[in-house]
Each structure stands twice: as structure tokens, then as C-alpha cells.
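Morning, everyone. I want to walk through two interfaces today. Let me put the structure up.

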Amino acid sequence: MNALRVTTTRIFYAVLLLLAVLVLNFTMMHLAPGDVADTIAQSMGGADEETMAQIRADYGLDKPFIVQLGSYLGRVIRFDLGYSFYYNQPVTSLILQRLPATLLLVFTAQLFAMIVGVVLGVISARRPNGILSHFVTFISLFGYSAPVFWTGILLLIAFSLKIQWFPVAGMRDVTLEGGFWVQTLDIIRHMVLPTITLGSIFLALYSRLSRASMMETLGSDYVRTAKAKGLTEREVVYKHALKNALSPVITLAGLQFSAVISGAVLVETVFAWPGLGTLAFQSILARDTPTILGILFFSALMVIVGNLLTDFVLRLVDPRLKGRA
Amino acid sequence: MAPLLKVENLRIELATRAGVAPVIDNLNLELAHGESISFVGESGCGKSMTALAIMGLLPEGIGRVASGSIQFDGEELTTASPRRLRQIRGNEISMIFQEPMTSLNPVYTVGEQIAEVLRAHQGLGQKAAWAQAIELLDAVQIPNPKSRVEAYPFQMSGGQRQRVMIAIALACTPKILIADEPTTALDVTVQAQIFDLLRDLRAQTGTSIIMITHDMGAVAEMSERMIVMYAGRKAEEGPVDQVITHARHPYTSGLISCVPHIMANLTEERHDLTEVPGIVPGLSEFGQDLCLFAPRCPRASDKCLSARPPDVPFGSARSSACWHAEDL
């Protein structure tokens, strides 16, 4: 019952937060110079004041700010994110077409970074002065300091152009014929480089954090107790130390959700990955306000849901958090 | 009968920034079957190091047994394989620690933490180990063991956690239980309960106990024999009542005089609390060929500063490492 109450409180706060994000996004968009009327006028090859005013009136852009905000919120609650005049289709369906590709990339990259990062962290924590540990530190520093788009381009040059292991761009080969497995394998081949690129920054964070966290738990009293029980090295490290060391890693994963999504914009652009990132990039260039707002809304939604999930997983790992707000 | 545990000429070296220091220097001791002895001394005298060495748990890469031997039931432990040591740890020799608050793993139930040692050493299955864990909780007098077995350590008090630690340590009915200041972190009423429990369990199982403490009261209550340690060396050894009534080492007399006296009548004039002046020397001072206690000793003479005193035997059971032991 307590757990249920905690969950409902969490969800209530999440909804409030989402609302705040919506208001903030809309306000900022409104404050920025230029609107869709400019873009339409531009594509028509220029327009006079009268035509501009007509366009603004047609799309409700001449109404007071508060009215525009109100009608925007009203529509979002009904999951109507407006109509993209640039792409000529409803924003919701536009985003839903692109969302799976981004989710696939973001989750795979997070999973890759987390698993490899924790494994590297644990290995180097057990021999903090070993060669492998120094190697992990070096890789982490490199991965963290190199800009994602640069890493992406280097990987492209190395593994798509010089050694032609992986495709250069896109998510699938449209000319490919074959059943489900052939298609899946094709998507996986397309995913390898973007996943490594997007994962590289986070890999560094995870490996450093799990190394530090693991070294702390390995020196703790309960690990000494586990050794005094005569348990094997494996049980001591993986059962007793690792489960305790995971909490900060999971917390970081939740915080990183937002960063992964912003990183996805760059990576998707480099690899022409047909996800929200490329959509965001194109619609910003086109000043396609409804689409940008829609993408912001979805990213906020993803971050908030990601945080709720993190919270939930943390409670599974650490019994001390059960039933606490 | 051969002693259960026999430590001979044990030297443990710690790698410090200033170089290698002998944290235990030429230590000899014996523990008989079913006997209870106490290691007494200030912090930093090597009591816990000795215990960790017996467990084979000296801090990796920092501490090592440099020479000497530790024989358990006739088996040499200093050269035993890690695999063999794991079989002994928690099974034939087990240990409870000073800090019950942090010695249990926060993310597992106490039942799991007890059951796991039974599965490791007794070959019990999940169910049998769990049932045994409930019985052990009952044996260490935790009320309502059937439901408490599923509690997490954070849901228990310090005294209860130490009881759980005792349950873990005694799960496989070990031949030796090492208790490293088991009550230091607990309040006084709980301390008495834990000592009662240890005494009862010892009577039931016949386990030998090594108590590490600086509480003279605990020594008198729990042990037959005591070993006073100072700066990594044995200062004095003997039956508890004899040592307390007639100490043969100035350090022992100092420790005993530090125990405050409870007076029957509060109007009586009170004695000042006494102390042993000075502090235990730093690790870098260890290992010199002189009496390391001399700088703090009221009886120190030139001889004390020129050579390390040997263990002088008094009768069959006592010894003292003091040049002036005969005069005391």
C-alpha cells in the first residue's frame, strides 16, 4: 500500500513536471525571433505586409500569447500536437514514425554503455594499479573528451570507407529482399557504428563511476564478512560487492537519459539515422515550430519516463528505498 | 592433548609508506580445545592483525606473514592453498567483527546471509539452509525468528545485528570463534546480553573463543586465560585471575589500574581515574631491539633500552616479557 502511494505521488509529480516543460517550451519558442509565416513567405519567394498578416491570421499567430498558450495546452492534452506545414502532416504521426528509430538507438546505446562500462569498471576496480585499469582510464578519458560527431566521422572513415565492414548511413537497405531475420540483421549492421558513437561518452562515465563505487564496496565491512564466511572470490565480488555498487550507476543512467537524447541529435545527423534527432535538426532549420515543440514534448516525456523507470529499478536493487518517498 | 591452535614465532609485516614494519613480532601462543582466551591491549597493538592472520585475511598486498607458523589442528595455515583456507573460514574458524552496523550486507535479508554460509560449507539446499537459518536466529535469541528471517539489516538494532553476525559465525559449529571487540559499538545493557549469549553458546557447542578486547571486565567474564599485547609483542600471558591479582608486567598493571572502581557509597572520597601515560609507538618504531614499553614505564632502566626482554616463564602457565618481572 505504501509502495502504491509512493508510485502515485511520483506519477503526479511527473505530470506536473511535464506541464511545466510544455509551458516553458512554448514560451521560449514564442520569444525567439521568426515564425512559420516567415518560412512560408520565404518559400513563396517573398510576401508583402498584408499577405504576411493574412498568413498569421490563418494560423492563429496574431492572437495574444496567453490565448495561444491555452489552446496549445488544450490540444496537447488530447495528444494533438498540431500540424506541420513544412512536412504537410500532423506532428503526432510525424513523430511516431520517427520515434521507434530513436528509441532503438538510444536504448541500445545506453545498454551498451552501461554493460561494457560496468564490466570495465569492475575489472579495473579489482586490480586498481594493473595495466588494464590504466587502459580503461585512458579509454574513458578519450571517450569522454572527444566530441560525438567527431568520433562518429572517424568511425565512418575507418569502418565504412577504409575497411568496408559497416554501411555508411541510414537504418536499412531498401533494396534488400528477404524475410524478417535478413531485415533484422541488416538493421543491426546499420546500428553498430551509431551505437558505439553514442555510447562512447556514457561508457566513460559508467566505467569511471562503477570503478570508484566498486572500490568503495570492495573495502567495506560486509565484503570482509563475506570473505570471512569462506565464500568464493566470485561470490564476494559479484554477489556482495557489485549489487551494492550498482545504485550510483543506475542513478546516473536516469540522469543521462536527457544527455543521450541530445547526443542522439548529433549522432543521427552524422549517420543519417531516420529518427527524432534528424527530424529536430531539419525542423529547426525550417523554423517548423509545431514540429520542434512536438519533439521537445516527446524528449521531455522520454526523460521523465526514464527517471520514473530508474526510480523503480533502484527500489528493486536497494531494499532500504522501499516505500520511501 | 595437542593444542587446537598453535602460533609459533609469528612475524607479520605491513608495507607502509615509510617501509616495511613488523606489526606482529615473534608471537607465540596456544589455544586448547574448548578454551577461551582474550587478547588485551590498546589500539594498534596488533590484536586484530593476529586474528586476521589466523583467518588468512590479512589486507591483500599490504600485510603478509613474513615468518613463523600458524597451526590449526596440526595443519599449517600460512602455506595452505586459498581453496583450503576458504574451506576453513566460516566453517572451522569463524569471526565476528566490531561494527555490527556495517558488517552485514544492506541489500540481502539476514536469512539469506545466514543461509549462504550453510550452503557454502554444509552442502545444504535452499530450503534446508533457510530452515536452519530460522533455527539459528532462534538460538541467538532473536524474537519471532520466522518473520525476522526475512528482515533486512537496516530493520534491526545494533544488538540484533550482532546476534545475526554470531548466528552466521556459529552456523557451521566452528572449532574456533574469533570475536574482535564484539561489543565495543553497543550500549552497556546490550553488551551484557551479548556476553551472556556467547557464554551460553560456548557451553552448548564447546567452541574455543578468542576474544579481542580492551575491556578488562569482559576478559574476567569471558575467558580463562589472557594474553596482553603491546606494540606487536606479547607482554604477558597467564590465567585471568592470576594476572589480574598479580600482574607480572608494568603494562598489565597499568591497564588494570585504569579500570574505574564502582564505590558502594557516593559520599566516599573518590579516587582519581588513572591512566597509562604516553601512547603506543608508531609502526616505524616497531621491531627495535629494546623494550618498546620502556618510554612509558615507571620502572624503565638502562637495560630496558638496550635489549628486548625475553618471555620469562613463571610456572607452567604464565610468562612475562619484562626485565623486571621477577621483582613485580
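Start with chain B against chain A. Keep in mind that this is a predicted model. The contact takes in 25 residues of chain B and 19 residues of chain A. Together the two chains bury about 2100 Å², with 57% of it on carbon and sulfur atoms. Who loses the most area on the chain B side? B:Val107, B:Tyr108 and B:Glu116 do, with 26% of what that side buries between them.

Now the polar part. There are three salt bridges between chain B and chain A. One of them pairs B:Glu112 with A:Lys239, at 2.3 Å from N to O. We also find 14 residue pairs in polar contact across this interface, both residues at pLDDT 80 or more.

Which elements carry the chain B side? Helices H3 (100-103), H4 (110-122) and H7 (158-170) of chain B each give two or more residues. H4(B) gives the most, seven residues. By class, that side has 13 nonpolar, six polar and six charged residues.

Next, inside chain B. The chain splits into domain 1, 5-92 plus 175-327, and domain 2, 101-171. Their C-alpha centres are 30 Å apart. Domain 1 of chain B brings 16 residues to the contact and domain 2 of chain B brings 13. The buried area here is about 1100 Å², 69% of it on carbon and sulfur atoms.

How many salt bridges between these domains? On the domain 1 side, helices H2 (82-88) and H8 (188-205) of chain B each supply at least two residues. H8(B) has the largest share, with seven.

Notes
Residues numbered from 1 in each chain as written. Chains lettered and ligands numbered in written order. Predicted model: local features only at pLDDT ≥ 70, side-chain atom pairs only at ≥ 80, totals over all residues. Heavy atoms only, no water. Contact = heavy atoms within 4.5 Å. Buried area = accessible area lost by both parts, 1.4 Å probe. Salt bridge = Lys/Arg side-chain N within 4 Å of Asp/Glu carboxyl O. Polar contact = N/O pair within 3.5 Å; in protein donor to acceptor, adjacent residues only side chain to side chain. Helix = DSSP H or I, 4+ residues; strand = E, 2+ residues; numbered from the N terminus. Nonpolar A, V, L, I, M, F, W, Y, C, P; charged D, E, K, R; others polar. Domains from an automatic or database assignment.
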